[in-house]
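Here are some notes to read alongside the model. Please keep the structure open while going through the points.

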Amino acid sequence: MKRILIFTVFALSATLAYSQAKYVFLFIGDGMGFGAVTLTEDYLAARQGNEPGSGTLTFSTFPVTGFSTTYSASSLVTCSAASGTAFACGSKTRNGRIGMNADATENLTSIAYRLKEKGYKVGITTSVSIDHATPAVFYAHQASRSMYYEIAQDLAKSGFDFFSGAGFVEPLGKDKRQESIFGLIEKNGYAVVRSLSDCKSSTAPKLLLLQPDSKPQTAYPYAIDKSSDDYTLAQTTALAIEKLQNGKGFFLMVEGGKIDWASHDNDAGSMVREVIDMSEAVKVALDFYRKYPKQTLIVVTADHETGGLGVGSGAGGSIDILGLGKQKASVDKLAQRLKDATSYSELKAWLAENMGITVSYGDEILLRSLFAASAKSKPSSDDTPCTLKNSGEMTRSIMRMVSAKNGGSYSTFDHTGTMVPVYAIGEGSELFRGKMDNTDIPKKIAKATKVEWK
Ligand SMILES: [Zn+2]
């Protein structure tokens, strides 16, 4: 009897430990598995001359931690659309679906719409295009993630308060003959701004912040390649808070979208910088939490793991973890370089300069064979410039080699089905302790915000 009583009191105190989260942050590190977090922390620790694992990201010391399964209705290995639909709408679906059930016969309702209905303001921000899968699952209902124009039409109709991202992939539709998505968005009461200062000064009630026209509309540059006028996730998160804060509360989703992109290309140096970029954005939310600790909930997780990343050299050799910081350019820059003719010597020098590596005997064998297989004609010497075919494959193979030297050992260029970490702090955070499925995440947010999940 006493035991039952103790258990009941414990259970009650666990459920009553929070009142209501009024300000909710959901950070999604796209592709950010345990390997990505571990490697980044090991790098940060080494940079400070400390023990491995002691370098912390802003979210990795959150008081509540858990882990989440990510499989989809069609595969053990999910895509961002299916896992996004799971953690936005609470249901499993087939890979590729955006906010719809597996058969694409029914629209699902995301936590963002549920909170909007309760009077919360809603913000959706990403470092890739705003019509990409992860942001889209919160506002759109489409059978396929590649229906970019239709997804953008759903954005215009969403009524959400703040969006930010790089741009739109198909602003005029696949055939480039549709009504401009910008006209449609403006008709729906949004102001479209293309600089941080215009965003800050705008008094429009509904805002869409994009990169300037002169920048790529598909994604922000990698953090490792950024110039001073490029947006950071921390800047857009701060602006989102400014625009969303109100007496009734807000829900803000922030996606670090290029952790996944770097991981697809097995580029650990860029990936680590992307994780740090998102960590800086979490810091902005954490500063907000410190002002409103009883009303704020911050959840940080991932949609899936990408790259099958393990921490190791791949061959049991020595690891130059600080080499991650010596890398000065992303895989994008390497791909660009390989599009132009290059000699083997030039390539080796370029890698030393930009990837910060010293080419060892073993690397030399690999590099030479890659170069020989890719060269359109057989070079007469190491100094003969060659045009390369299959430069995409060569790019990835070189990046895999560079990453392994620096401790990032990848096993695939795709997603994996391993579990992902969940970190939480603030009001209702204890709900995120232990093992969960990605479909539980929006239901837990609903519980923390006292929204009935029907
Ligand atoms: Zn991906």
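1. The protein chain contains 17 helices and 14 strands. Please bear in mind throughout that this is a predicted model.

2. On overall form, the C-alpha trace of the protein chain spans about 80 × 65 × 45 Å along its principal axes.

3. For a helix pair, look at α2 (residues 34-47) and α11 (residues 268-291). Their axes are 9 Å apart, and the two helices pack at an angle of about 85°. Angles of 65 to 115 degrees count as roughly perpendicular, and therefore α2 is roughly perpendicular to α11.

4. Which residues make the contact between these two helices? On the α2 side they are A36, V37, L39, T40 and Y43. On the α11 side they are A268, M271, V272, V275 and I276. By type, the residues of this contact divide into nine nonpolar and one polar, with no charged residue.

5. For a strand pair, look at β5 (residues 190-193) and β6 (residues 206-209), which pair in the parallel sense over four bridges.

6. How does the chain get from β5 to β6, and what is the handedness of the crossover? The chain passes through helix α8 (residues 196-201) on the way. This β-α-β crossover is right-handed.

Definitions and conventions: Residues numbered from 1 in each chain as written. Predicted model: local features only at pLDDT ≥ 70, side-chain atom pairs only at ≥ 80, totals over all residues. Axes fitted to C-alpha atoms, helices over the stretch in contact; angles between N-to-C directions. Parallel < 35°, antiparallel > 145°, perpendicular 65-115°, else oblique. Contact = placed C-beta atoms within 7 Å. Nonpolar A, V, L, I, M, F, W, Y, C, P; charged D, E, K, R; others polar. Pairing = 2+ DSSP bridges. Right-handed = clockwise from strand over helix to strand, strands pointing away.
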